[in-house]
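Welcome! Take a look, then work through each solution step by step.

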Amino acid sequence: MANLEILVSELPTLIQSLKLTIGDSNQIMEQIIIINNAQEKLRNIKKLIAQELQFDRLNNSAIATLPRLITVATLFIPRLGLVDPVIIEKFGNSETKISLTDLQSKIDSWIEWGYFLQAIAADILSEVKLVNQLNSDISHPSIPSEFKTLAESLKISLDLKKSHILRNQIQQIGNYQKQLLQLQEKLNHIFNTIKNSRSLLNILLGVSAFYGKSGFALEWLDDDHELIISSEGKFQELTDILNDCDFFQEQISTLIIQGYTLIEEAAEALKNIEQKINKEPIISQKAEIAPNFSTPKIVRSALLIASSLLILGFCGWKIQQQSPQLQQMSLSLTQEGSAIANFKSAQKLGMEAASLVQKPPHPLKVWQQAKTKWHQAIILLDSIPHKTSVYDQAEKKLAYYQINYKSISQRVLIEKKALANLESAQKLAIEANLFVTNSPHSQLSRQQAQDKWQQAINLLQAIPESTFVSVQSKEMLPIYKTNYAAISQIYQY
């Protein structure tokens with residue numbers, strides 16, 4: 001038993017080594033050796049447990065228990081409280097004791113996980129292209145890091161009084177915007193790779209591109225057999241990474257708008273500076289010797305800046321007497337800014353529509369409001385031009401919004417029909433009462449009242465339970481049936 005306790009005390013180290021860090025392919029073989037050694041020690045523990053259980057059975061003792069020498073706190077590193085709860089299952093729970101039989105079962109799980117990691121490592125090393133891509137990814141910053149750098153870079157305070165500084169700032173912003181678009185394309189590739197790939201190796205390539213220099217490790221499988229991945233102390237499922245991709249896409253769109261606004265502000269200030277210079281009077285003939293602020297020079301400078309921005313493709317400003325080339329650039333910029341604004345507005349409308357219809361049933365008015373918002377969002381998304389930066393995102397949202405709009409439209413029709421039934425039933429009830437009130441002794445009036453009550457009952461019974469007026473119809477139905485029964489009894493006499 002003493003030897004077993006010594007080996008069990010090594011479990012925290014053994015289990016922590018049962019993970020596969022994917023980044024530098026040269027280190028994968030070393031990790032396979034570490035995993036093999038951990039598995040061998042786990043098998044030794046399992047053998048000792050089997051011997052201990054056999055000894056206990058021979059002595060007709062109860063199932064042996066072993067004081068857990070490794071609690072959750074010591075089994076894992078201090079950041080355990082921040083880890084997804086499914087990771088805790090890799091190491092066991094916080095019981096003070098654990099039966100040897102249960103420990104055997106956990107050891108089997110750990111050994112099996114080790115085999116899974118070795119199989120993945122072997123597949124990676126057998127694919128030369130995959131190895132080259134992994135080695136390339138670790139030379140680039142992670143998506144969160146790259147986004148943070150660009151976001152900080154765009155915190156530019158414009159110098160609105162010095163034209164040469166403004167020109168440099170415009171060029172800087174243009175370069176940052178170009179990098180943002182490249183990052184956006186990279187995110188699209190990562191998202192599609194992780195979401196649509198059926199091959200685990202391809203999925204790992206997408207994850208590798210997301211984490212870059214940060215690297216990542218395969219830690220465990222959750223209850224749904226989804227991979228748990230760690231990077232820089234943060235644990236995530238694949239679904240979490242996809243959600244992060246969506247988040248950064250939205251943030252990038254916001255930054256592009258900010259950059260576009262800065263460029264317009266800088267361009268307007270530059271135009272004002274040049275106009276002011278043009279209006280300065282020529283004091284003497286000596287001014288002709290220094291043509292630094294002459295009109296041709298200004299035009300050449302403006303065209304130089306404009307052509308530079310045209311190459312970047314997504315920044316520019318309005319100037320008087322634009323050439324056709326500059327007019328086309330201005331049009332492209334207007335489309336880009338408008339597309340991003342429409343995309344964000346559509347997202348906002350979609351969120352509002354989805355929020356409106358939470359926890360049904362709702363009155364018809366609410367469903368109609370949601371339908372209108374989905375329709376407005378669809379129009380905005382459908383108007384986004386093909387060559388803009390948010391087009392691909394808009395297409396994905398458009399398909400999803402169209403499904404929601406169709407569903408909501410159907411719900412509106414159901415609610416309309418239910419409300420119409422309720423109102424018609426109420427109207428028939430009033431008419432039935434009038435027949436009886438105006439001609440209490442008329443057999444024809446009682447027959448007509450009976451028919452009205454029956455029609456009203458039929459309408460109420462046709463109202464679906466899922467509709468908003470269902471509760472009201474259920475309250476009215478017993479009353480209408482009672483009135484119908486009463487008038488039917490009178491009619492029999």
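Predicted model: local features only at pLDDT ≥ 70, side-chain atom pairs only at ≥ 80, totals over all residues.

**Exercise 1.** Find the bridge partner of S230 in β6.

*Solution.* Start at S230 and cross over to β6: the partner there is F235. Strand β5 covers residues 227–231 and strand β6 covers residues 234–237. The two strands run antiparallel, and four bridges join them.

**Exercise 2.** Decide whether S445 is buried or exposed.

*Solution.* First, locate the residue: S445 sits in helix α16, which spans residues 443–461. Then take its relative accessibility, 8%. Buried means under 20%. S445 therefore counts as buried, because its value is 8%. To see what lies around S445, set aside the neighbours within four places in sequence; S445 is then in contact with F435 and S439.

**Exercise 3.** Describe the chain as a whole: how many helices and strands are in it, and what share of its residues is buried?

*Solution.* Begin with the elements: the chain has 17 helices and six strands. Now turn to burial: of the 493 residues, 42% are buried. For the surface, the chain exposes about 27600 Å², with carbon and sulfur atoms supplying 54% of that area. Last, consider contacts between residues at least 6 apart in sequence: 70% of them join residues at least 24 apart.

Terms used
Residues numbered from 1 in each chain as written. Heavy atoms only, no water. Buried < 20%, exposed > 50% of the residue type's maximum accessible area, 1.4 Å probe, protein only. Contact = heavy atoms within 4.5 Å. Areas by Shrake-Rupley, 256 points an atom, 1.4 Å probe, with all protein chains shown as cover. Pairing = 2+ DSSP bridges.
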